[in-house]
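Work through the exercises below with the sequence and the model at hand. Try each task before reading its solution.

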Amino acid sequence: MDGGPATVLVVDDSRPKRYLLVSWLTRAGFATIEAENGAEALDRVEKDRIDLVVLDVRLPDVSGFEVCEQIKEAHPAIPVIHVSAHAVDVVDRAQGLTRGADAYLAEPIEPEELVATAHAVLRYYQARQRAEQLAERLAALADATVEMHAASNFVRLLEAASAGAARIFRGPAAVIAETFDGDCLAGVAAGPDAPARVVPWTVDDAGVPIGTTVRVDEPGNWGLADWPTGDTVTVGAARLREDRAPLYVVVPTATQTVRTPVLVQLAQAIASAVEAQRSFDEEHRIAVTLQRSLLPQRLPEIAGLDLAVRYEPASARTEVGGDFYELVMLDGHLLMAVGDVAGHSLHAATVMAELRHAVRAYAVEGHQPGVILDRVNELMRTLLPNEQATLCLLLLHPGSGLVRLASAGHLPALISRDGRVEFVQHTAPLLGVRAPRPPDLEFVLPAGSTLVLYTDGLIERRDATIDDGLAALAVVATRVDDDLDRFCERLLVELAPTEIHDDVAVVAVRRR
């Protein structure tokens, strides 16, 4: 009901009787519609907005009991009151109530009794509709809350929040919040089945207090959606802390009930999710800053060689990871390495830093790649007995192109030249395992060739095998861009997923 008079459909084949029923209901403040048989009654129910049906049991074309059953089957929320001048025994009354009627009045019917019964069944149905609507909205609120807290980033959170608000209130909705970086964004859903979109939006936050407030506003002040014509908007604002900007939930006012309980709960739930996401983003930034500080800060400049690196941390995690790389000139040779420590945590990053420094230290002593790996492995087994890692390292002489390579369980290096790609296989146990290792692999990197080392985050997918990933890498790497940085960027764009679930390190060297 929308606050206007309830509309009653009076169904009776007797014109005088219908006149009396309509007169009594009209004087009591109801709007009325008339039908003189079952078929007409069913047609009216489908075409008009009906709040209550007063239905004679005896109709010329079909039983009133059958009409009631059909109404209830199609519109269970419309109450039906049976009236009868003939069927007054217990069996008929029981049949009418059993087949769906909400009340049964036998003639002679008193006006006061009819009006009181009409008010009573409407009160019950209105209360039931409010309870069902509240239960439905609370269930949708619970679903939206789960989706918001599962969002991998701020944009996804706003999409989930606005889509959830549109489903809860069955209409357009907008959610406006500020990111950790201070950017104000709005998630907008045009309706319960429409996809959400995120756009920049600015709000004047002056005067918004701590806590949750609700106000009615003009839709023109929130020109984010096509709000219903002739309606205002209701704005729920939630602010958890003085140093945080408030967030806003905007929905049509016609969707709201007294005290707007679900809107208030939704605003509070979104505020909680936004605060968690802001904290997550802050922690992730700190973690990434720490991780980058453990990696080389700049690339060496080497005559005859082009160098490029791309490193991308996992996008949906606050922990630092164990991927690392190295590029440094030592005694006329380029030391090039890529490794991956098992796990994603501050501990993994610490192990990564120890391994990187150990590789550099043993390389400075003048050891060849295989010896470096042997010593790093012995270091791990002695000081880090529960850790494991993969590592591929090589020494490259820029002038001759001579390469000496050793691997410890790492993915094969890739060489691309003139549109042809080959993988350099060097099968060996990973670090942290006592096992014999093969001799170093020696080959010449021809002029014009590009050698690429990478970690598994570049090619591994949950829905594909390693071989599939290597094949995809080979296809993309057949063409090497003149700008080696652009080539590494293209590898990530074309191979890595939008949401990077594992760290990705790519190191490339091209011999001119």
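**Exercise 1: a hairpin**

Task: Determine how strand 17 and strand 18 are joined.

Solution. Strand 17 (residues 413-417) and strand 18 (residues 420-424) run antiparallel and share five bridges. Strands here are DSSP runs of E with at least two residues, numbered from the N terminus. Two strands pair if DSSP finds at least two bridges between them. Now the turn: two residues lie between the strands, and Asp-418 takes a positive phi near 55°.

The model is predicted: local features need pLDDT of at least 70, side-chain atom pairs count only at pLDDT 80 or more, and totals for chains, interfaces and linings use all residues. Residues are numbered from 1 along each chain as its sequence is written, and side-chain values use heavy atoms, without hydrogens and water.

**Exercise 2: a sheet**

Task: Find the strand order of the open sheet with five strands.

Solution. The order is 2-1-3-4-5, with parallel pairing. Strand 2 (31-35) and strand 5 (103-106) each have a single partner strand, so one side of each lacks a neighbour in the sheet. From one strand to the next, the twist averages 20°. Angles run from 0 to 180 degrees between N-to-C directions, on axes fitted to C-alpha atoms, for helices over the stretch in contact.

Next, inspect one pair. Four bridges join strand 3 (residues 52-56) to strand 4 (residues 80-84). Val-53 is bridged to Val-80 in strand 4.

**Exercise 3: packed helices**

Task: Which strands does helix 1 touch?

Solution. Helix 1 (residues 15-27) contacts (heavy atoms within 4.5 Å) strand 1 (7-11), strand 2, strand 3 and strand 4. Its direction makes about 165° with that of strand 2. Helices are DSSP runs of H or I with at least four residues.
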